[in-house]
Amino acid sequence: MRPAHVCLAVLVAAVWGVNFTVIEVGLDHFPPLLFSALRFLVAALPAVFLVGPPKVAWKWIVGVGLALGVAKFGLLFIGMDAGMPGGLSSLVLQIQAVFTALFAVVLLGERPTRVRAAGMAVALAGIGVAAVDEGASGPLTGFALVVAAAACWSVSNILTRKASPPDALNFMIWVSTVPVLPLLALSLLLEGGSADLAALRSLDRAGAGTVLYVAWGATVFGFGAWGWLLRRHPASTVAPFSLLVPVFGMTSAALFLGESVTPLRWCAAALLVGGVALTSVTPRRPSAVPVTESARLPGSRSGGSPVG
């Protein structure tokens with residue numbers, strides 16, 4: 001990769017890592033489901049009128065929109081609102097790589113290598129250590145919700161792999177149109193219209209800034225830049241930069257929110273990141289076989305986007 005492309009990959013990882021801190025700030029201004037709905041609304045409009053028509057079948061857009069937008073982000077935001085720290089959330093979500101590999105075995109008939117199986121075991125050990133750490137300092141409900149969010153994210157990875165979108169930004173913008181109404185309906189049902197109206201009426205610059213960051217920064221810029229890199233480099237070259245996301249997530253949470261990083265959490269981070277790295281290893285192919293376009297897309301074996 002060119003130095004400029006390396007810098008861009010690191011920048012995307014930083015944007016996605018800091019995103020967890022921004023989400024935690026945003027949850028002080030909005031109920032979680034409303035906040036998630038606003039994220040996708042602002043990401044979709046007006047961009048949906050600028051990126052052209054969808055380039056994959058609507059069944060994939062709706063499927064990914066529900067799995068990623070409604071289930072994954074709904075659970076993530078609720079879990080963080082229930083007390084799951086932002087930095088730890090950025091780390092625990094990386095277990096999605098293990099869930100993706102497991103679902104690929106069940107749904108796609110893929111056979112994991114010994115190295116990948118070992119990586120799954122190491123990553124799961126990291127989750128166990130993180131659970132012990134969180135259980136010693138706070139309720140495990142938020143932790144469980146974030147793990148469930150990672151599982152839902154892995155479902156969206158499988159669907160994205162099946163869809164093989166040729167344009168990651170176009171795909172993500174259209175996917176962003178799907179969760180808005182379901183999330184708003186769930187917010188009205190579970191959080192109440194009065195709470196939603198109160199949050200919107202009291203909207204200030206800080207609250208608006210968090211919505212703009214998670215929508216335009218983490219979603220539009222993040223997925224657009226990540227997709228641009230994946231179209232120019234093999235997924236195996238780009239994907240390792242995703243391991244920087246929890247580094248930026250935990251660091252930004254510690255710097256800006258005062259979130260403590262205990263020795264157990266560092267141990268969990270080492271196990272999780274190391275395990276995910278092993279899980280993402282793909283078997284070497286003969287040099288005469290070119291890397292296909294589908295292997296470069298988000299959601300492919302080692303190119304899944306680690307956005308928060």
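## Order of elements along the chain

Read along the sequence, the protein chain of this predicted model runs α-α-α-α-α-α-α-α-α-α-α-α-α-α, with 14 helices and 0 strands; helices (H or I, at least four residues) and strands (E, at least two) are DSSP runs, numbered from the N terminus. Residues are numbered from 1 along each chain as its sequence is written. Because the model is predicted, local features need pLDDT of at least 70 and side-chain atom pairs count only at pLDDT 80 or more, while totals for chains, interfaces and linings use all residues, and side-chain values use heavy atoms, with hydrogens and water left out.

## The chain as a whole

Of the 308 residues in the protein chain, 53% count as buried, where buried means under 20% relative accessible area, exposed means over 50%, and partly exposed lies in between (1.4 Å probe, protein chains only). The protein chain exposes about 12,900 Å², of which carbon and sulfur atoms supply 70%; such areas come from the Shrake-Rupley method with a 1.4 Å probe, and for residues only the protein chains shown count as cover.

Among the contacts in the protein chain with a separation of 6 or more, 89% come from residues 24 or more positions apart, contact meaning heavy atoms within 4.5 Å.

## Helices H5 and H7

The axes of helix H5 (residues 96-108) and helix H7 (residues 141-163) come within 8 Å and cross at roughly 50°, which makes H5 oblique to H7. Axes are lines fitted to C-alpha atoms, for helices over the stretch in contact, and angles run from 0 to 180 degrees between N-to-C directions; those under 35 degrees count as roughly parallel, over 145 as roughly antiparallel, 65 to 115 as roughly perpendicular and the rest as oblique.

On the H5 side, the residues that meet H7 include Gln96, Phe99 and Phe103, and their partners in H7 include Trp153, Asn157 and Arg161. The residues of this contact divide into 11 nonpolar, 4 polar and 2 charged, with Ala, Val, Leu, Ile, Met, Phe, Trp, Tyr, Cys and Pro counted as nonpolar, Asp, Glu, Lys and Arg as charged, and the others, Gly among them, as polar.

## Two residues in their surroundings

Gln96 has its place in helix H5 and, at 8% relative accessibility, counts as buried. Leaving aside neighbours within four places in sequence, Gln96 is in contact with Ala150, Trp153, Ser154 and Asn157.

Ala195 lies in helix H10 (residues 193-201) and counts as partly exposed, at 30% relative accessibility. Although Ala195 and Phe30 are 165 residues apart in sequence, they are 8.4 Å apart in space, C-alpha to C-alpha.
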